[in-house]
Amino acid sequence: MGEISSGLFAGGTVEVSGQGAQDAVLARARDGDDAAFTSLVTPLRRELHAHCYRMLGSVHDADDAVQEALVRAWRGLARFEGRSPLRTWLYTVATRACLDVVDARSKRALPVDLGPSSEHAVLDQLPRTDIAWLGPYPDAGLSHDPAGPEARYEQREAVELAFVAACQHLPGNQRAALLLFDVLGFAAAEIAAMMDTSTTSVNSALARARRVLAKKLPDRTQQQTLRSIGDSGARTLATGFASALERGDAEALIALLTEDVTWSMPPLPHWYHGIDAVSDFAMQVPMTRCPSWRHQLISANGQAAIAFYLGTDPAHPHDAWAIAVLDLRDDRIAEITSFLDPDLFRLFGLPTTLT
């Protein structure tokens, strides 16, 4: 087998066009041609990665799960008899790799999962390194359309923070059943074969999972809101929020928020709920204790987002600080989740310093 590199297998690629050509390339892959295998799996890698992120709530975990799935698929390719499409088989391998991760560690969390909100700004709080935190997802290239005709969710709806966070409250089998059925459009019988269980068990897990999500998901998805206000409306809100923060204009910032707004900053454990608590935090911490801000507008988890850079003063370089993902409601910001991790900027293809 060729050397594994960057989640794929090293070597050249083979163009695959038509079922006959795919069968020929598959035969070559079974014979040990890693370039042929790469050509088969490359078109599916992006959607497999999104599936692993939905299962695991972390880009890093998704990277590892996809890599592990490809290794398992390569090693088990000789046993693939073609009774199901290659895509279905790869999803089987990837889902099982994710379930192994789910069984091995605790669920990914956000600060709102840890306890009640704080009424006033908590100064000098320390990061919680003992928590497996949910992370943001670079959504470039994700389709707006459902993955299949039977899918209930669009691809971008199913990476929204609220959706992925809600999935983390499901046991592994329920999480897998829901994602495979409602997001990817596989039939219950296919999922039963993929998970080595019965169709009855899949339907039961699916029903339980849907009940949990019905309680935890907002009435409207961010995709519905974005279609309502348009790209320009979302950009105006994100720009207004970032600019107000940069100017230290508390009045302008507060005017953009809903009365029940929340602001959380993983890996910091404290979070704030309501306009008074969020205003107190904004004025005491980012507008007072952080000397100078710059920003770039981005998209993350299918939502409006901002990459924030922090500097000692406007004249000096600003370093990567946080990826802030915004939940919008009508013409206001209802939730701010600021992921304080400069390493995330590389995942989004962003510079780590602005000069």
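A residue counts as buried when its relative accessible area is under 20%. Ser338, at 6%, is therefore buried. With that idea in hand, let us walk through this structure, which is a predicted model.

**The whole protein**

The protein contains 12 helices and nine strands. Its C-alpha trace spans about 65 × 45 × 40 Å along the principal axes. How does the radius of gyration fit a compact globule of 355 residues? Such a globule would have a value near 20 Å, and the protein has 22 Å, which agrees. Of the 355 residues, 53% count as buried. The protein exposes about 16,000 Å², with carbon and sulfur atoms supplying 50% of that area. Sequence distance is worth a look too: among contacts between residues at least 6 apart in sequence, 65% join residues at least 24 apart.

**Around Ser338 and strand S8**

Back to Ser338, which lies in strand S8, residues 332-339. Leaving out residues up to four places away in sequence, Ser338 touches Trp263, Ser264, Met265, Pro266, Ile323 and Ala324. Is S8 as a whole enclosed or open? Six of its eight residues are buried, so S8 is largely enclosed by the rest of the structure.

S8 has strand partners as well. Strand S3 (residues 257-264) pairs with S8 in the parallel sense, and Leu257 has Ile333 in S8 as its bridge partner. Strand S7 (residues 318-329) runs antiparallel to S8, with Leu326 standing opposite Ile336. Two residues separate S7 and S8 in their hairpin, where Asp330 takes a positive phi near 55°.

**A second hairpin**

Strands S5 (residues 292-300) and S6 (residues 303-311) run antiparallel too. Ile298 stands opposite Ala305 in S6. The hairpin of S5 and S6 has two residues between the strands, and Asn301 there takes a positive phi near 55°.

Here are the strand pairs side by side:

| Strand pair | Sense | Bridges |
|---|---|---|
| S3 and S8 | parallel | four bridges |
| S7 and S8 | antiparallel | seven bridges |
| S5 and S6 | antiparallel | nine bridges |

**Helix H3**

Now for a helix. H3 covers residues 59-76, which makes 18 residues.

The buried residues of H3 are Val59, Asp61, Ala62, Ala65, Val66, Ala69, Leu70, Val71, Ala73, Trp74 and Gly76. An α-helix has 3.6 residues a turn, so residues three or four places apart point the same way.

Is Lys107 buried, partly exposed or exposed? Its relative accessible area is 37%, so Lys107 is partly exposed. Setting aside neighbours within four places in sequence, Lys107 is in contact with Ala132, Gln168 and His169. With His169 there is also a polar contact of 3.0 Å between the two side chains. Lys107 and Gly57 are 50 residues apart in sequence, while their C-alpha atoms are 8.4 Å apart in space.

Technical notes: Residues are numbered from 1 along each chain as its sequence is written. This is a predicted model: local features need pLDDT of at least 70, side-chain atom pairs count only at pLDDT 80 or more; totals for chains, interfaces and linings use all residues. Side-chain values use heavy atoms; hydrogens and water are left out. The expected span of a helix is 1.5 Å times one less than its number of residues. Buried means under 20% relative accessible area, exposed over 50%, partly exposed in between (1.4 Å probe, protein chains only). The radius of gyration is taken over C-alpha atoms; the globule rule is 2.2 Å times the number of residues to the power 0.38. Contact means heavy atoms within 4.5 Å. Accessible areas come from the Shrake-Rupley method with a 1.4 Å probe; for residues, only the protein chains shown count as cover. Two strands pair if DSSP finds at least two bridges between them. A polar contact is a pair of N or O atoms within 3.5 Å; within protein, one must be able to donate a hydrogen and the other to accept it, and residues adjacent in sequence count only if both atoms are side-chain atoms.
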